[in-house]
Amino acid sequence: MKKTIITVVGKDTIGIIAKVCNYLADNKMNILDISQTIVQEYFNMMMIVDMNNSDKPFGEICSELEKLGEGIGVKIKCQHEDIFNKMHRI
Amino acid sequence: MINIFEVNETNKMIEQENLDVRTITLGINLLDCVCDDLEELNNRIYNKITVVAKDLVKTGEEIEREYSIPIVNKRISITPIALVGASACQTSEDFVTIAKTLDRAAKQVGVNFIGGYSALVSKGMSRADELLIRSIPKALACTDRVCSSINVGSTKCGINMDAVKLMGEMIKQTAEETKEEDSLGCAKLVVFCNAPDDNPFMAGAFHGVTEADAIINVGVSGPGVVKRALEEVRGKNFEELCETIKRTAFKVTRVGQLVAKEASKMLNIPFGIIDLSLAPTPAVGDSVAEILEEIGLERAGAPGTTAALALLNDQVKKGGVMASSYVGGLSGAFIPVSEDQGMIDAVKEGALTLEKLEAMTCVCSVGLDMIAIPGNTAPSTISGIIADEMAIGMINQKTTAVRLIPVIGKDVGETVEFGGLLGYAPIMSVNSFSCEKFVSRGGRIPAPIHSFKN
């Protein structure tokens, strides 16, 4: 199973997690893990997501999430987890 | 499982420290295109390149999106054209038609450079080799994306001084032919000693005859990431300094390895090598000179620069080798002048001279790279500089290269602007004493002895 890492960074506001989670649910994506911190009022969230059941191609999900992020004033990024595994695990 | 701090570290490298994959270079063998008829040869070359590389750019962009890592260049390297065109080309003009075909093919598949308008003449020049070399000024002037490289020496064969002399003249002619664009043609022309067969970086990339039919080579980069990591160990001893460089080089190379494997799988073309090079760009914070400054030098070129660069180069290799099973190409720190803001500043302030750069090339890849010199420099002087650099490579069993740009109509104190990744450069002064008689002797410098290494 190829997992995807979604990161959300930006100014904290009400409903960021809700909006992102709703989008993921609507597109049949399962959240495996969430961690979140606030650094100097900046919202910082990482989700590990299983996209295998989603019908949309990866590129489309990326750009839709990006657009969603713009709407709430945060930056949303979608990456396959391999880049992090390769870099941080031997 | 991956945690938020690791994710943030990686993304910070990409977003703030200019971490990128510098190039995916697709090597294509053109030997099976060889035929006696020039027109047919050109057709075959065009067809082969446009078929094999048709998905290269698209694949690169797809990988970029999947991992959110910029892949700055998608490029092609090909079998040295002096070999491919040997039976069909009777004149230098014939070779120029191949250059035009390559340019057309590169534009068709959307790559920004195609390398391999090359000849390997470390021991002697065949008739075709010489015709190709003499065609370089025209070929580079009438194409946009073709890169040329000539290997004029090796540790095994010595230095072909006839070719060195000829290249001095050709560099000067290329400068003349492209003087309207500040002699830009010379930025696409490299002279090598011990040229590697699998180098993915331009302008010196070609697909060596020892290679398979098609191969994916990847060049990583990341001077900004190393610089930023070293800020954390300011004032610490050499052990910690080296450890930090190694660890960072490992991480950077792993990304290259991932991209290379992915590209190889998607294109169904075997993976060749990762080139572990710290390749700077003119962007602020993406400079090898800034790493040297961070190590403790006021400016690149100050006493201690050669030692600092030797250390940097070695640690990059030590960290990178662990991260990839196949390392090749040039692998080391690049020190081009025009493509590195820190180098440009060092030259402008008088900290860095041509002679110091030459010393630096003894301990790192690659050589005297992207150095603008006065347009009135004599061809024999250019040949002399090439000979010096080739000698360093030959004796030290390493790759060295020369990419000099005699900027026609400009002199020391002036600046030349190439634009894009090629950057801009102050014109550097060249020793004005002549080496005409040395260069004109003719023949070759014998191969060095391989024992008695003290």
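Here is a quick tour of a predicted model with chains A and B.

**Chain A: a sheet with helices across it**

- Chain A has an open sheet of four strands, and reading across gives the order β2-β3-β1-β4 with antiparallel pairing.
- β2 (30-39) and β4 (74-80) of chain A sit at the edges, each pairing on one side only.
- Going from one strand to the next, the twist averages 15°.
- To see one pairing up close, look at strand β1 (residues 3-11) of chain A, which is joined to β4(A) by seven antiparallel bridges. Here A:Ile5 stands opposite A:Gln79 of β4(A).
- Helix α1 (residues 16-26) of chain A lies across β1, β2, β3 (42-50) and β4 of chain A, and runs at about 20° to β3(A).
- Helix α2 (residues 58-72) of chain A lies across β1 and β4 of that chain, this time running at about 160° to β4(A).

**Chain B: two domains**

- How many residues do the domains of chain B bring into contact with each other? Domain 1 has 42 residues in contact with 45 residues of domain 2.
- On the domain 1 side, the elements giving two or more residues are β1 (21-28), α3 (56-67), β5 (146-154), β6 (158-160), α7 (161-177) and β7 (189-193) of chain B. Helix α7(B) has the largest share, with 11 residues.
- Sorted by class, that side of domain 1 of chain B has 21 nonpolar, 10 polar and 11 charged residues.

- β1(B) runs parallel to strand β2 (residues 71-78) of chain B, and seven bridges join the two. β1(B) also pairs with strand β8 (residues 214-220) of chain B, in the antiparallel sense and over seven bridges.
- Find B:Thr25 to see both pairings: its bridge partner in β2(B) is B:Arg75, while its partner in β8(B) is B:Asn217.

**Chain B: helices worth a look**

- Among the buried ones are B:Val225, B:Val226, B:Lys227 and B:Arg228.
- The cover over the buried residues of α8(B) includes α1, α9, β10 (277-278) and α10 of chain B.
- Helix α10 (residues 288-295) and helix α11 (residues 305-323) of chain B pack at about 105°, their axes 10 Å apart. That angle makes α10(B) roughly perpendicular to α11(B).
- In this contact, B:Ile291, B:Leu292 and B:Ile295 of α10(B) meet B:Thr305, B:Ala308, B:Leu309 and B:Leu312 of α11(B). By class, that's six nonpolar, one polar and no charged.

**Where the chains meet**

- Chain B has 18 residues in contact with 21 residues of chain A.
- On the chain B side, α1 (4-16), α3 and α9 (238-267) each supply at least two residues.
- That side of chain B divides into eight nonpolar, five polar and five charged residues.

Notes: Residues numbered from 1 in each chain as written. Chains lettered and ligands numbered in written order. Predicted model: local features only at pLDDT ≥ 70, side-chain atom pairs only at ≥ 80, totals over all residues. Contact = placed C-beta atoms within 7 Å. Nonpolar A, V, L, I, M, F, W, Y, C, P; charged D, E, K, R; others polar. Axes fitted to C-alpha atoms, helices over the stretch in contact; angles between N-to-C directions. Parallel < 35°, antiparallel > 145°, perpendicular 65-115°, else oblique. Buried ≥ 20, exposed ≤ 12 C-beta atoms within 10 Å, placed from the backbone. Pairing = 2+ DSSP bridges.
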